[in-house]
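Me: I would like to learn how to read the features of a protein model. Can you take me through one?

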Amino acid sequence: MSKGLPETRTDAAMSELVPEPRPKPAVPMKPISINPNLLGYIGIDTIIEQMRKKTMKTGFDFNIMVVGQSGLGKSTLVNTLFKSQVSRKASSWNREEKIPKTVEIKAIGHVIEEGGVKMKLTVIDTPGFGDQINNENCWEPIEKYINEQYEKFLKEEVNIARKKRIPDTRVHCCLYFISPTGHSLRPLDLEFMKHLSKVVNIIPVIAKADTMTLEEKSEFKQRVRKELEVNGIEFYPQKEFDEDLEDKTENDKIRQESMPFAVVGSDKEYQVNGKRVLGRKTPWGIIEVENLNHCEFALLRDFVIRTHLQDLKEVTHNIHYETYRAKRLNDNGGLPPGEGLLGIVLPPVPATPCPTAE
């Protein structure tokens, strides 16, 4: 019996030193020749799948603002863009009723789910921009709203015990609707984009493009691009934010050919060649919203949602918000908003840029 005890201890010690082999995770093995600096497969490439799973669980936010004159189809286009009634949330509204005019800046949130991915979409509708006789400084309420969202995010960010996930109400994208006059931009269009392009990603769109011929549309697009360039107005995607040659090549094509997108919106379906399509019915036929031969709505949708949505969010956070944050903290002596040197509450910085002190 005494001889068996040491042997038992040795077996136990050996079991501690040599753990039982665990099954390897089910990941595809890669040939060693892929990277001569590595001796075998590590699994770094699985980070993309990890990020995808996390995003699937948490979802993400996207906030889009629409600005333009009343009657240009802003709400209809957003409904068409997301294939749901997202620009108005009213139990009494149905597809057969006309969408009422906007009377105030109002953010309406919806949760859209597709393929297991959840997106909290917020549509910010604006007043009848430019509808008044005197439109002087009529962009100020919109600029104020955008800066207020930056301020909310900043206050949450500088809290000592801040939330694990800060609610993001910052405007990621502003669709600016240009009236299809076929002539030139209005002074109000230029003033708005000149002021707001510094604080938000502006994407100009020509509304109701079906009111122009193909030649008129092409000439108007070129004229708008030229006017924006002459007035030093940069729309999204901005040239200085191109990260590499691939981005520059892709974005140059968008800037030089697609912008501004000439679009038609409709949330009504019609039968065309045996298929149900979104479109507008006219005496001479159906204008198909998603047909590139009829309008550029599909290009706008792909641009905003399928190729540049994440970049819109990143430019908002890394450029526009950081610019606001740096100015805000600098004006406040590097302290959190609302606090002075001895705990004295300071007034908030005005939404519009302050004049430089002499």
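Predicted model: local features only at pLDDT ≥ 70, side-chain atom pairs only at ≥ 80, totals over all residues.

Me: Start with the whole chain. How many helices and strands are in the protein?

Reply: The protein has nine helices and nine strands.

Me: What share of the 358 residues is buried?

Reply: Buried residues account for 38% of them. The accessible surface of the protein is about 22,300 Å². Carbon and sulfur atoms hold 55% of that surface.

Me: Now a helix. How do I read its pattern of buried residues?

Reply: Start with the general idea. An α-helix has 3.6 residues a turn, so residues three or four places apart point the same way. Now the case here. Helix α5 covers residues 187-196. Its buried residues are Leu188, Asp189, Leu190, Phe192, Met193 and Leu196.

Me: Next, a single residue. Is Ala262 buried or exposed?

Reply: Buried means under 20% relative accessible area. Ala262 has 0%, so Ala262 is buried. Ala262 sits in strand β6, residues 261-262.

Me: Which residues does Ala262 touch, leaving aside those up to four places away in sequence?

Reply: Ala262 touches Ile206, Ala209, Lys217 and Lys221, along with Cys295, Glu296 and Phe297. There is also a C-alpha distance to note. Ala262 and Ile178 are 84 residues apart along the chain, and their C-alpha atoms are separated by 9.3 Å.

Me: Turn to charge. Which residues form the negative surface patch?

Reply: Glu243, Asp244, Glu246, Glu250 and Glu314 form a negative patch. Take Glu250 as the example. Glu250 is part of helix α7, residues 245-258. Its relative accessibility is 37%, so Glu250 counts as partly exposed.

Me: And which residues form a positive surface patch?

Reply: Lys53, Lys54, Lys57 and Lys164 make up a positive patch. Lys53 belongs to helix α2, residues 47-58. At 47% relative accessibility, Lys53 is partly exposed.

Me: Now the backbone. Where are cis peptide bonds found?

Reply: Look at omega. The bond from Tyr236 to Pro237 is cis, with omega near 0°. Pro237 is in the loop between α6 and α7. The bond from Met259 to Pro260 is also cis, with omega near -15°. Pro260 is in the loop between α7 and β6.

Me: What is the phi of Asn273?

Reply: Asn273 has a positive phi of about 50°, and Asn273 is not a glycine. The residue lies in the loop between β7 (269-272) and β8 (275-282).

Me: Is Asn273 buried or exposed?

Reply: Exposed means over 50% relative accessible area. Asn273 has 76%, so Asn273 is exposed.

Conventions. Residues numbered from 1 in each chain as written. Heavy atoms only, no water. Helix = DSSP H or I, 4+ residues; strand = E, 2+ residues; numbered from the N terminus. Buried < 20%, exposed > 50% of the residue type's maximum accessible area, 1.4 Å probe, protein only. Contact = heavy atoms within 4.5 Å. Patch = residues over 30% accessible without salt bridge, like charges linked within 9 Å, V, L, I, M, F, W, Y side chains within 5 Å. Areas by Shrake-Rupley, 256 points an atom, 1.4 Å probe, with all protein chains shown as cover. Salt bridge = Lys/Arg side-chain N within 4 Å of Asp/Glu carboxyl O. Lys, Arg positive; Asp, Glu negative; His and termini not counted. Charge placed at Lys NZ, Arg CZ, Asp CG, Glu CD.
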